[in-house]
Amino acid sequence: MSEPTRLSVFKTYKLYVGGRFPRSESGRVYEVTRATSAAGAAAKGKSRSKGEGGGEWLANAPLSSRKDARDAVVAARKAFGGWSGATAYNRGQVLYRVAEMLQGRREQFVREVADAEGLSRSGAGAVVDAAIDRWVWYAGWTDKIGQIAGGANPVAGPYLNLSTPEPTGVVTVLAPQESSFLGLVSVIAPAIATGNTVVAVASERAPLPALSLGEVLATSDVPGGVVNILSGRTAEIAAPLAAHQDVNAIDLTGAAAQLAAELEVAAADNLKRVLRPRAEDWTADPGTDRLTAFLETKTVWHPTGSLGASGSAY
Amino acid sequence: MTMDKLSAFEYAPAPESRSVVDIAPSYGLFIDGEFTDAADGRVFKTVSPSTEEVLSEVARAGAEDIDRAVGAARRAFATWSALPGSERAKYLFRIARIIQERSREFAVLETLDNGKPIRETRDADLPLVAAHFFYYAGWADKLGHAGYGPDPRPLGVAGQVIPWNFPLLMLAWKIAPALATGNTVVLKPAETTPLSALFFADVCRRAGLPKGVVNIVPGYGDAGAALVAHPDVNKVAFTGSTAVGKAIAREVAGTDKKLTLELGGKGANIVFDDAPLDQAVEGIVGGIFFNQGQVCCAGSRLLVQESVHDELLDALKRRLSTLRLGDPLDKNTDIGAINSAEQLARITALAETGEAEGAERWTAPCALPSAGYWFAPTLFTHVTQAHTIAREEIFGPVLSVLTFRTPDEAVAKANNSQYGLSAGIWTEKGSRILAVAGKLRAGVVWANTFNKFDPASPFGGYKESGFGREGGRHGLEAYLDV
């Protein structure tokens, strides 16, 4: 009798909220399957049962509720003061630490991205490498964007006049549906680089890389609540977030046109800053658009006066 | 003080001459370089709020007129946007110069149509209008250096809706950056203050601006709504109330229209116990009584550190008692007329709410003219954060006074608002200025000064005070495809 093959340990994928890994408060899950374009190749290997989408079952993911979304906003708001108040240098080091942690778990993410997006191992490897490099890119931006986007203004009077970019606050990010990992990193990293905190809604069909990213963030010195990751039905989770009065901005990248329009209407209720969906090439140079999309400009005036006989400054 | 002594110090009337401006009995819409009647022939009257005199009758734009204006702007766009930036710049420099030359005429006109004191139109509005055109003229051929890529492109036709509180200045804030970046515009002035925009149309003609680049369509809210909703408008810029701003945000949702909103405010003016109180008093007065308080960034909430509350309030009331309210054309007038009967009713109702909710009302002792729309400088003490007059924008000469004990409390109270447009800080301690300025969620923070404006200085709000910035390099972004 041959040795029994060792049974591997499955992972229970959980949400990432406030630095913790809760299940959905609703107790609901949904089945996540291998991307169809990979299904043919996968059929050659050992087969698991088929999931609801017809592809091979990969795991159950939490099906987040409106309450999960609201809890995530509370966590993000709570984290905002500390994160936005941290020095830009500190935020840069934390983002770089994310890249370091991802590098160490590269193999896991290559597997997950290959499964999620139907890519070959080398294709998935390129995606993960690009995602790691994206964290490095934004890590370097944290203490530079202030000089690019702000500065002293030469007003016509005896005043020091200084404009400084500041984070908008709590940003809801609907991560891209197709690019489940590089796209996700590309929308989260710029938002938090400038001091915002984020509630991210993962790709609906392929949430597993996003949920695993939560585990990386939790071990990367990113304070709990700075990034919160939800999986589930994008439309269901996005609706309460778009209407939420304590959310300052919403990135609609992962919303289809009709849903995006509806969410933009809801977002107008408290005048959220809205980034509309647009054609994206996640492998292209990201530029600074997504850094500046969730910044406010604060302009401070102070008299300079002149030192008169009295020595008074103004 | 006896009556004799008082009258000895009264000012003799010093009215600015009205003859410098020639207001026609009627005006048309300015579309495609020509003044025309509204398609349906409708008109409305514009009155001087200080006398209720009818100044002129103005064509009232409807949806058909808006469509015609957008069409004209669209046709003009191809040529205008293709001009070298240096040529667009020269048109804007011309406009700036003509405004400087005609600035007294415009100041008197604005004072007549708006009701604000000539001292303000002459010394603040008009110089800033000219400066704004001069500033953005210089950007037109330097856009590749502005940080928006090597060759940033204009958006197309900009639909712009502006308020009545700074009619010509808001026009300048809208039109100057739009034209500098190569857009063409359709601008709707407010229904109570259409005249300076129509005079500006004449400036455009004198400057030789190509037809259709600037179109002026006076009208009411329906005209603004038609402009915002027009499918061939690429950019919407609005300055006005937060309620209308939200409606506009809903209207453009799901379109490609770029939107910037400059909306309401409830600015906190924070006075610490070490502040230079005499200067603070001047800043507080300028902060809330400039332009009769009809300013989105007004310092309408005074937050005073408890220990100096009584001293500051005494000084403030003394100062307010010396303000001169009356004929806006008089060069000695501090407080002019409220812009409209409707606005006066709104201010009156909110002040009554303040009393009804238990705040203590004090009104400066001054006689109000019998004709026109007037509201005496008023302040409320014993105001709490729950009071309506501490939460809602009054947009009038009404100051709500609250107190605090610690800097943290001051910041928390200042930020306890749906708005986030402006704030003021008065203290002699530099590190406190910087610490408090850093924590205030407001787009413009004035420290040891208030209500200062400059074309080089970005202006705009946090939270429900809107989004986007006007002024400075930042102001270009609103009109570029970036």
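Biologist: How far apart do the C-alpha centres of domain 1 and domain 2 of chain B lie?

Modeller: Domain bounds come from an automatic or database domain assignment. In this predicted model, the C-alpha centres of the two domains of chain B lie 30 Å apart. The assignment gives domain 1 as 18-263 + 463-477 and domain 2 as 268-447. Residues are numbered from 1 along each chain as its sequence is written, and chains are lettered from A and ligands numbered from 1 in the order in which they are written. As the model is predicted, local features need pLDDT of at least 70 and side-chain atom pairs count only at pLDDT 80 or more, while totals for chains, interfaces and linings use all residues.

Biologist: How many residues does the contact take from each domain of chain B?

Modeller: Two residues are in contact if their C-beta atoms, placed from the backbone, lie within 7 Å. Domain 1 of chain B gives 22 residues and domain 2 of chain B gives 25 residues.

Biologist: Which elements give two or more residues to the domain 1 side?

Modeller: Helices (H or I, at least four residues) and strands (E, at least two) are DSSP runs, numbered from the N terminus. Here the elements are α4 (103-114) and α5 (118-139) of chain B. The residues of that side divide into six nonpolar, eight polar and eight charged. Ala, Val, Leu, Ile, Met, Phe, Trp, Tyr, Cys and Pro count as nonpolar, Asp, Glu, Lys and Arg as charged, and the others, Gly among them, as polar.

Biologist: At what angle do α6(B) and α7(B) pack?

Modeller: Axes are lines fitted to C-alpha atoms, for helices over the stretch in contact, and angles run from 0 to 180 degrees between N-to-C directions. Helix α6 (residues 167-180) and helix α7 (residues 195-206) of chain B pack at about 50°, with axes 8 Å apart. That makes α6(B) oblique to α7(B). Angles under 35 degrees count as roughly parallel, over 145 as roughly antiparallel, 65 to 115 as roughly perpendicular and the rest as oblique. B:P167, B:L168 and B:L171 of α6(B) and B:S196, B:A197 and B:F200 of α7(B) make the contact. Five of these residues are nonpolar, one is polar and none is charged.

Biologist: What order do the strands of the open sheet in chain B have?

Modeller: Two strands pair if DSSP finds at least two bridges between them. The order is β1-β5-β4 (chain B), with mixed pairing. β1 (26-27) and β4 (43-47) of chain B stand at the edges with a single partner strand each, so one side of each lacks a neighbour in the sheet. β1(B) pairs with β5(B) in the parallel sense over two bridges. B:Y27 stands opposite B:V58 in β5(B).
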